[in-house]
Every structure is written in C-alpha cells, then in structure tokens.
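Please keep the sequence and the 3D view at hand while reading.

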Amino acid sequence: MTDAFAEIDSPEPPPVAPQEPAAIDQSDIDALFEDIGAPQPASSGVRALVESTVVNQERLPMLEVVCDRVVRSFATNMRHLTTDAIDVSLEEVSSGRFGELMNRVALPAMFGVFRIDEWDNYGVIVVEPNLIYSIVDALLGGRTGGSQPQRVEGRAFTTIETALVARMMERALADLAAAFEPVAPINIALERIEISPRFASIAGPSNVTATCAFRVEMEGRGGKFLIFLPHTTLEPVKDKLFQRFMGEKLGRDTLWEAHMERELRKTEIRLDAVLASREFPLGTVRALAVGDTLPLGVGADTPLALYHGKVRLGLAQLGQRNAAIAVRLLNDIGTITP
C-alpha cells in the first residue's frame, strides 16, 4: 500500500501572497499600555483638600487701597535717596500658596522678614535681582539712562549691597505701616534679610498668602519687589480689608447715628416718683374704708425714688414749681444702684 501511494503525484500547495503588516490603531495602543496615561480618579475627602492647588481668590478691596497709598508715598521717599526720576506702580494684588509664591521668585533675591507687633505675626518683602542691582547702581552714582546693570552670577551679595537694599526695604515698610494707619495703626520692624527662600519661611507651604507686587522704574533701569502677607497675619484686620471703602473702616454710618440720636431724644418715657411702699395682708386691704390712714414710716423731707417701670433711676426731692408739684433730682440718672 505504501508503494501505491508513492506512485500518486500530490499537487503543489498554492502560492501564498506576501502580506503587509497590519496597521496599529489607537485602540491597539491603549490595549498595549492598558491604563498608562488614562485619567486617574479624582481624590476625595481630606486628601483632595490637602492636595488641592486651587486657592480661593478672596478679594481684599481695602488692601488694594493700602497698596495704592504705598505707591504714592514710596515714590516720594525714594527720591530722597537718589536723584533719579522714580516711577512706582502697583502691578497686582493677588493670593496664592506661600510655598508656590516663594518658589516663583527669581534668584538671587533678597528676602526681608519683618514683624508686625500689633498683630504678633510676620510678613516677607522680596526684592528681585533686577531691582537689587538697579538700586545699588543708582545709590552708588551709576549713570542714568543706560542699559540694565549687569548682574554677577555665582557670588553672594556684599555687605554694602545688602545695606543699600535694606534701606530701601525699611522705607517701603515704613510706607506700608503709614498706609495701614486708616485701617489699623501698626508698627513694622525689619528683623533680618535672607538670600534663600528656605530661611525666610514664615508660614506653611499651603498657607494662603496675599501678594502685593510693585514695579520700580529709574530712568531705564528697575525691577520688582513683592510683599507677602499670609492671611494668618492679616486675620486681626481681615474684616476691615473686605470692606470696599475707607469710610467703612470703623463699620459705622454717621448719618444713621445722627438720625438715631435725634429719634432717641424725642422718645417719651414714663417716670414714677415713689415716696415709700409697704406690704399689707389682703384682709387689711379689703377692710380699708374712706378716711383710714396708712402709716408709711417716712417724713416729708425723705427723698423720693424715681422709677421707670421696675428700673430705679435715682433719688429726688418733692417740691413745687409754677403751681405744680415737681421733683428735683438729687443725683445723676443711673448712679444709684437698686
């Protein structure tokens, strides 16, 4: 049987055409990498609150007014340090996380930590590099109208540079204290100057902080300085900073006060002049008849007690005026205890 099959010629298999590699679409890529790159489930609860980078932008209208007052006074005071034409402007008043704000500062910079005694807390004033070298150049008599002073990279600030910038910081903080005067009188003292944001940390990285950004231009040169005020520092006056007008600083309306005073003065009240009082049994009172005498145990010159309702107001003497019975006060109202 094997020889019989050997004599039969088996047909050749049909030729197979070469196939091009199949194209890979997005579904294949997603299946290959599974969940890589897919949106992760959102955090919830306390974790979402802690990890959130979104800051509730609480607008502080009165802080913007304070910063505007700083602009006007700081420009005038800076002209006492240099003969350059000084132009100071307020760029923005915003809020953010303290850690993020400090990390955004261009280095090398100077961080001045200041204390507000009345609020028992701290703030930071930051002078950026361009302004540092511009201040040093201007105060040491550099030429005006030239190009931006060149910074020297890779070296720390000298004692002279630090002292000159410290003078500018102290003037800015003095103007800030004066600008806060209508809101709340404060004293600001510059405690120290740091060159690393790590050593100038006065609040936690996640603490919400108000930022006041100012730009100083001095005839073709200048830069920015920033004032960081954590909301924990502003807490004693936060309710006043939410107000829209400087006139609201005391939370009072003088027109309403005057109206209230006028109306109170026109209010009529009833006064009772009581010579004496005694308690009798109900049977005695029922037995009283016309002509009976009730002994009170007081004399004609005994002072009367003035009452409004059950409130004792003071003492008075019984008398007569213009053919009418009258009483004369013997003390100021309210000075006699019940």
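The largest nonpolar core in this predicted model has 51 residues, and those with the most contacts inside it are L63, F74, F180, F225, I227, L234 and L241. A nonpolar core here is a set of buried Ala, Val, Leu, Ile, Met, Phe, Trp, Tyr and Cys residues joined through side-chain atoms within 4.5 Å, where buried means under 20% relative accessible area with a 1.4 Å probe and protein chains only. Among the elements that give two or more residues to this core are the helices α4 (61-78), α6 (129-139) and α7 (159-179); helices (H or I, at least four residues) and strands (E, at least two) are DSSP runs, numbered from the N terminus. Apart from this core lies another, of 14 residues, among them L101, V105, V126 and A200. Leaving aside neighbours within four places in sequence, L234 is in contact (heavy atoms within 4.5 Å) with L60, L63, W119, F180, A210, L229 and L241.

As to provenance, the model is predicted, so that local features need pLDDT of at least 70 and side-chain atom pairs count only at pLDDT 80 or more, while totals for chains, interfaces and linings use all residues. Residues are numbered from 1 along each chain as its sequence is written, and side-chain values use heavy atoms, with hydrogens and water left out.

An open sheet is formed by 6 strands in the order β1-β5-β6-β3-β2-β4, with antiparallel pairing; two strands pair if DSSP finds at least two bridges between them. The edge strands, each pairing on one side only, are β1 and β4 (188-194). Between β5 and β6, which run antiparallel, there are 9 bridges, and F214 stands opposite F225 in β6.

| Helix | Strands it lies across | Angle |
|---|---|---|
| α4 | β1, β5 and β6 | about 150° to β1 |
| α7 | β2, β3, β4 and β6 | about 150° to β4 |

The helices α6 and α7 pack at an angle of about 95°, with their axes 9 Å apart. That makes α6 roughly perpendicular to α7, a term used for angles of 65 to 115 degrees. On the α6 side the contact is made by L131, I132, Y133, I135, V136 and L139, and on the α7 side by E161, L164, V165 and M168.

Finally, E194 lies in strand β4, and its C-alpha atom is separated by 5.0 Å from that of F111, 83 residues apart along the chain.

Conventions: Buried < 20%, exposed > 50% of the residue type's maximum accessible area, 1.4 Å probe, protein only. Axes fitted to C-alpha atoms, helices over the stretch in contact; angles between N-to-C directions. Parallel < 35°, antiparallel > 145°, perpendicular 65-115°, else oblique.
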